[in-house]
Amino acid sequence: MNRKLIIAFFLSIGGLLSFTNAPKILNSSDPEYKAIIESYKQSIALWPKPTIDEGVDWKEFASIQRDTAFFTTQDLPEVILGKMLFFDPKLSKSSQISCSTCHDPAMGWTDRRSVALGHDHLEGMRNTPSLYNMANREIFFWDGRAMSLEEQASGPLSAHNEMAMDVDLLPAKLKEVKGYKPLFKAAYGDEGITYERIVGALATFQRTIKSQPSRVDLFVDGKFDAMTDQEIYGMHLFRTKGRCMNCHHGPDLTDDQFHNIGLTYYKRKFQDLGRYNITKDPNHVGQFKTPSLRDLLLTRPWMHNGFFDNLEGIVNIYNSGMHMIDPTPEQKIADPLYPVTDSLMQPLKLNREEVQAIVAFLESLSGSRYKMRRPDFPRE
């Protein structure tokens, strides 16, 4: 099955499921529908409780506030240095690729590609994650192989298909640029340029990249006309029938955990064993980190492989339950690495209107608009 057929399949499967034993379809004139909408126009502590599976450690939705200190923070010496380094292609072997090549602020800090494109025009295997709200994360990469932003920076800098830089040579390369010495001195007290300082400044800058409030945040804070009735109903479904809050909760709508949602393509062209590559635990085959849902409209395409750029198609994936490739007991014994879809994935029996309402809610989570100007980094 080629990629276009895979996408078309998931775009259609939700519609097929919708008409199988379909429950009553609520519309905006139904008293039940109106009651649901009104139940959310109050303090979040009084909202209907979400549908959460036993054993799931979840957090309630929480609004974020506008970062009023952003421009002050951008003037801090270590942030200035980190920003210069982030946009400077001299950090790559070819001096043609910067961190911003894949994490472009005009593209939601992604590259809008299915997978990253780097040194010698080589493609990676995975979609470029957005950098929004990285200060809130404790584990990094789709497979969780880094435990800090400083550790994370080493990955793309040295990867042969990304920036391909010999990081042992990087400090000497930057020392040849006279304009960097005063920046390092302002940030660290002396002109010493070390690899630890380079990745430290990069991490410090990335921690300043934050989402701006969306209409959902305004609604949570009491501005009840910030969302349409369809979006509110979609939020209700997201929290209840859609079972989405088992993994997408808290202020950034992520549990920061790893799950196999059924997109492993085991022993096929697009195979990626995910978390297993790091832990070597067979239970982790095909698991990937739950992404944040903030600013979705800015960060497409989605999923670890970047296969999907249609939110309705993604909701239909979850609607299907995605247990089409689970192994039989005999298969699992014969092949311990055969991936098992997470038990949190269940058929949802959402009808078409419910799918569209959830999509409307997901779209209302995008609030960021500020596009960062690229700095004039040192040339000599």
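A salt bridge is taken here as a side-chain nitrogen of Lys or Arg lying within 4 Å of a carboxyl oxygen of Asp or Glu. The structure is a predicted model, in which local features need pLDDT of at least 70 and side-chain atom pairs count only at pLDDT 80 or more, while totals for chains, interfaces and linings use all residues. Residues are numbered from 1 along each chain as its sequence is written, and side-chain values use heavy atoms, with hydrogens and water left out.

A search of the whole structure finds 19 salt bridges. One of them joins the side chains of Asp53 and Arg243, with N and O 2.4 Å apart. This pair links distant parts of the chain, since Asp53 lies in the loop between α2 and α3 (70–73) and Arg243 in the loop between α11 and β1 (258–259), 190 residues apart; helices (H or I, at least four residues) and strands (E, at least two) are DSSP runs, numbered from the N terminus. Arg243 is buried, at a relative accessible area of 16%, whereas Asp53 is partly exposed, at 24%; buried means under 20% relative accessible area, exposed over 50%, and partly exposed in between, with a 1.4 Å probe and protein chains only. In a further salt bridge, Arg197 is paired with Asp190, the closest N and O atoms being 2.7 Å apart, and Asp190 counts as partly exposed at 35% relative accessibility. Asp225 and Lys223 also form a salt bridge, with their closest N and O atoms 3.0 Å apart; here Asp225 is exposed, with a relative accessible area of 59%, and Lys223 is partly exposed, with 43%.

The domain assignment of the chain gives domain 1 (31–64 + 213–364) and domain 2 (69–208), the bounds coming from an automatic or database domain assignment. The C-alpha centres of the two domains lie 30 Å apart. Across the boundary, 23 residues of domain 1 are in contact with 21 residues of domain 2, contact meaning heavy atoms within 4.5 Å. The size of an interface is often given as the accessible area lost when the parts come together. Domain 1 and domain 2 bury about 1800 Å² between them, 52% of it on carbon and sulfur atoms, where buried area is the accessible area (1.4 Å probe) that two parts lose on being put together, summed over both. Within domain 1, Asp252, Lys289 and Leu298 lose the most area to domain 2, together accounting for 25% of what that side buries.

The count of salt bridges between domain 1 and domain 2 is 3. The rule for polar contacts finds 11 residue pairs across this interface, both residues at pLDDT 80 or more; a polar contact is a pair of N or O atoms within 3.5 Å, of which, within protein, one must be able to donate a hydrogen and the other to accept it, and residues adjacent in sequence count only if both atoms are side-chain atoms. On the side of domain 1 that touches domain 2, the elements giving two or more residues are α12 (276–279) and β2. Arg137 forms a salt bridge with Asp256, the closest N and O atoms being 2.8 Å apart, and both residues belong to a network of salt bridges that also links Asp217, Asp252, Lys289 and Arg294.

Helix α11 (residues 229–239) is mostly covered, with 9 of its 11 residues buried. Among the buried residues are Tyr233, His236 and Phe238, and the buried residues of the helix pack against α2 (31–39), α10 (215–220) and α15 (352–363). Thr240 lies in the loop between α11 and β1 and counts as buried at 12% relative accessibility. The side chain of Thr240 reaches the backbone oxygen of His236 at 2.6 Å, and Thr240 touches Lys49 and Thr51, not counting residues up to four places away in sequence.

Two further buried residues complete the description. His304, in the loop between β2 (288–289) and α13 (311–320), has a relative accessible area of 6% and is buried; leaving out residues up to four places away in sequence, His304 touches Met125, Arg126, Asn127, Trp142, Leu263, Asp272 and Phe288. Pro375, found in the segment after α15, counts as buried at 12% relative accessibility. Pro375 and Phe87 are 288 residues apart in sequence but 7.3 Å apart in space, C-alpha to C-alpha, and, neighbours within four places in sequence aside, Pro375 is in contact with Lys83, Met84 and Phe87.
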